[in-house]
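Please read the points below with the model open beside you. They go from the whole chain down to single residues.

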Amino acid sequence: MPLGHFVARLNHYHAGLIQCAPAVAALEVSGTYPLDRLDEVLAALHATLPLEVQRIGRIWIRLSERAASA
């Protein structure tokens, strides 16, 4: 499923807000994820997709395009 849809579903299991930047919203996500362990889900997404996970405060998480390395 597209990352944007996955994030929308993931928000139902997170007390805060997870946002997905338009640049990465169409990336395909597949597999099974432990929805009760958000840090593991975010680590898996970061490891398998070209995106950055940014935590803003305690409850806001933003997924955005990974910066190109020099």
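**Notes on the predicted model**

1. Basis. This is a predicted model in which local features need pLDDT of at least 70 and side-chain atom pairs count only at pLDDT 80 or more, while totals for chains, interfaces and linings use all residues. Residues are numbered from 1 along each chain as its sequence is written, and side-chain values use heavy atoms, with hydrogens and water left out.

2. Overall make-up. The protein has 2 helices and 3 strands, in the order α-β-α-β-β along the sequence. Helices (H or I, at least four residues) and strands (E, at least two) are DSSP runs, numbered from the N terminus. The radius of gyration is 11 Å, close to the 11 Å that the globule rule gives for 70 residues, so the protein is as compact as a globular protein of that length. That radius is taken over C-alpha atoms, and the globule rule is 2.2 Å times the number of residues to the power 0.38. The C-alpha trace spans about 35 × 30 × 20 Å along its principal axes.

3. Of the 70 residues, 29% count as buried. Buried means under 20% relative accessible area, exposed over 50%, and partly exposed in between (1.4 Å probe, protein chains only). A contact means heavy atoms within 4.5 Å. Among contacts between residues at least 6 apart in sequence, 42% join residues at least 24 apart.

4. Strand pairing. Two strands pair if DSSP finds at least two bridges between them. Strand 1 and strand 3 run parallel and are joined by 4 bridges; Q19 has R62 in strand 3 as its bridge partner. Strand 2 and strand 3 run antiparallel, with 6 bridges, and R55 stands opposite I61 in strand 3. Strand 2 and strand 3 also form a hairpin with 3 residues between them, where G57 in the turn has a positive phi of about 70°.

5. The two sides of helix 2. Which residues of helix 2 are buried? They are L38, V41, L42 and L45. These residues cover an arc of only 95° around the axis, which puts them on the same side of helix 2; the arc is that of the directions from the helix axis to the C-beta atoms. An α-helix has 3.6 residues a turn, so residues three or four places apart point the same way. The cover over the buried residues of helix 2 includes helix 1 (3-10), strand 1, strand 2 (51-56) and strand 3 (60-65). D39, A47 and T48 are exposed on the other side of helix 2.

6. The aromatic pair. A search of the whole structure finds 1 aromatic pair. F6 and Y33 form this tilted pair, at 5.1 Å centre to centre and with 55° between the planes. Rings of Phe, Tyr and Trp (its six-membered ring) pair if their centres lie within 6.5 Å; planes under 30 degrees apart count as stacked, over 60 as edge-to-face and the rest as tilted. The pair links distant parts of the chain, with F6 in helix 1 and Y33 in the loop between strand 1 and helix 2, 27 residues apart. F6 is buried, with a relative accessible area of 10%.

7. E28. Is E28 buried or exposed? E28 is exposed, with a relative accessible area of 55%, and is found in the loop between strand 1 (17-20) and helix 2 (38-48). Leaving aside neighbours within four places in sequence, E28 is in contact with M1, P2 and L49. The C-alpha atoms of E28 and G4 are separated by 9.1 Å, although these residues are 24 apart along the chain.
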